[in-house]
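Subject: Structure handover

Hello,

Here is the structure for your files. My notes on what was found in it follow below.

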There are 2 protein chains.
Amino acid sequence: MESTAIPGYTFGTDQPTRSPVSEEDLERLKASVLFGSDDERALGLAGDVLEDQVEDVLDVWYDFVASHPHLVAYFSTPEGEPLDDYLARVRRRFGQWILDTCRRPYDRAWLDYQEEIALRHTRTKKNQTDNAPSVPHIPLRYMVAFVYPITATMRDFLAKKGHGPEEVEAMHQAWFKAVTLQVALWSEPYAREGDW
Amino acid sequence: MESTAIPGYTFGTDQPTRSPVSEEDLERLKASVLFGSDDERALGLAGDVLEDQVEDVLDVWYDFVASHPHLVAYFSTPEGEPLDDYLARVRRRFGQWILDTCRRPYDRAWLDYQEEIALRHTRTKKNQTDNAPSVPHIPLRYMVAFVYPITATMRDFLAKKGHGPEEVEAMHQAWFKAVTLQVALWSEPYAREGDW
């Protein structure tokens with residue numbers, strides 16, 4: 001199936017969100033997480049390793065969310081009823097996000113879509129893409145906190161295709177850097193004016 | 001030397017900053033980074049492992065900052081002149097922070113001091129503690145980005161005292177969780193009203 005069939009996945013389209021992040025901002029952020037060309041290569045390999053494991057990764061992440069009422073609340077009605085359709089639509093995009101993190105160049109189109117992803121967690125755009133009757137935003141603290149589970153749970157999947165310990169470590173470090181970099185970008189619309 | 005001799009280190013004193021974070025918020029954040037009693041034990045061991053390596057860790061972190069002009073700028077005058085006294089005073093507290101992360105209970109006094117640490121990076125309180133003529137704030141994105149270097153560089157130090165791979169891994173994962181948890185707390189004063 002074409003990736004364009006993923007509901008609400010507007011990467012590279014003429015969706016109206018533009019990132020306020022400059023090329024220089026991005027380069028400085030990459031330097032701050034020590035992200036370089038070795039990491040781009042390692043992520044490329046990770047994309048091949050993860051391609052047929054995306055659903056398994058998502059099972060782990062969704063189980064983690066589902067097992068914590070304070071997290072599943074962000075995919076539920078304000079009364080606490082989980083929204084299966086919303087969870088399912090987000091899941092398709094979350095899967096594509098894994099592969100985009102590994103395979104997309106971190107260029108202007110990517111930056112613009114990072115901002116779109118960011119906004120979809122905030123009061124500005126949460127729920128709109130999926131017409132979901134859910135709570136109005138996800139707090140910034142959980143965006144930051146998710147660096148841990150999204151990073152730590154990935155190692156086993158990266159090790160499942162027979163690569164040596166050094167290759168697995170390189171893929172995992174690159175993944176950790178890429179997740180941290182993106183959470184830093186996603187924090188942009190949460191910050192007070194001039195504080196990002 | 002008593003830790004009270006560290007300039008500006010006000011942990012547990014009647015310093016006026018109170019954290020707006022509730023016990024429930026903290027418990028939920030801990031759950032979100034999978035932080036539990038095993039991590040507390042592993043951090044206790046990490047404290048013993050790191051105690052006589054604090055200056056070596058700080059050398060690595062300060063070299064990292066010093067080698068990136070966009071980072072050393074936050075310890076410099078607005079004209080870009082590094083402030084040695086400021087760097088030295090912050091360094092004393094940064095060293096104590098390593099040990100506090102390992103050894104302090106994450107209780108109300110700790111939460112209050114986390115908020116004080118947070119504010120010292122923002123326009124509200126940066127420079128005040130050290131009477132430093134530096135730039136007025138550190139952007140949120142670098143607070144988030146630092147999860148990576150502060151975590152990744154720690155592994156070698158944790159492995160230097162002859163512990164087995166499983167113990168080193170447990171200490172490192174606990175450290176990663178503790179850093180992520182604290183950066184989530186430090187993001188509080190950066191967030192727009194109601195968005196943290």
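Over all chains, the structure holds 29 aromatic pairs (rings of Phe, Tyr and Trp, the last by its six-membered ring, with centres within 6.5 Å; planes under 30 degrees apart are stacked, over 60 edge-to-face, and the rest tilted). One of them joins Phe11(A) and Tyr113(A), which are tilted, with 5.3 Å from centre to centre and 50° between the planes. Phe11(A) sits in the segment before α1 (23-32) of chain A and Tyr113(A) in helix α6 (residues 108-119) of chain A, so this pair ties together parts that are 102 residues apart in sequence. Helices here are DSSP runs (H or I, at least four residues), numbered from the N terminus.

This is a predicted model: local features need pLDDT of at least 70, side-chain atom pairs count only at pLDDT 80 or more, and totals for chains, interfaces and linings use all residues. Residues are numbered from 1 along each chain as its sequence is written, chains are lettered from A and ligands numbered from 1 in the order in which they are written, and side-chain values use heavy atoms, with hydrogens and water left out.

In one of them, Arg93(A) meets Asp130(A), with the closest N and O atoms 2.7 Å apart. Arg93(A) belongs to helix α5 (residues 84-103) of chain A and Asp130(A) to the loop between α6 and α7 (140-145) of chain A, so the pair ties together parts that are 37 residues apart in sequence.

Now the two chains together.

Chain B and chain A each bring 39 residues to the contact (heavy atoms within 4.5 Å). Of the interface residues of chain B, 100% are also interface residues in chain A, so the copies meet through the same surface. About 3,600 Å² is buried between the chains, 62% of it from carbon and sulfur atoms (accessible area, 1.4 Å probe, lost on being put together and summed over both parts). Arg141(B), Tyr148(B) and Arg192(B) supply 20% of the area that chain B buries against chain A, more than any other three residues.

Four salt bridges cross this interface. Among them, Arg141(A) pairs with Asp25(B) at 3.6 Å, N to O. On the side of chain B that touches chain A, α10(B) gives the largest share, six residues.

Regards

Definitions and conventions:
Buried area = accessible area lost by both parts, 1.4 Å probe. Salt bridge = Lys/Arg side-chain N within 4 Å of Asp/Glu carboxyl O. Helix = DSSP H or I, 4+ residues; strand = E, 2+ residues; numbered from the N terminus.
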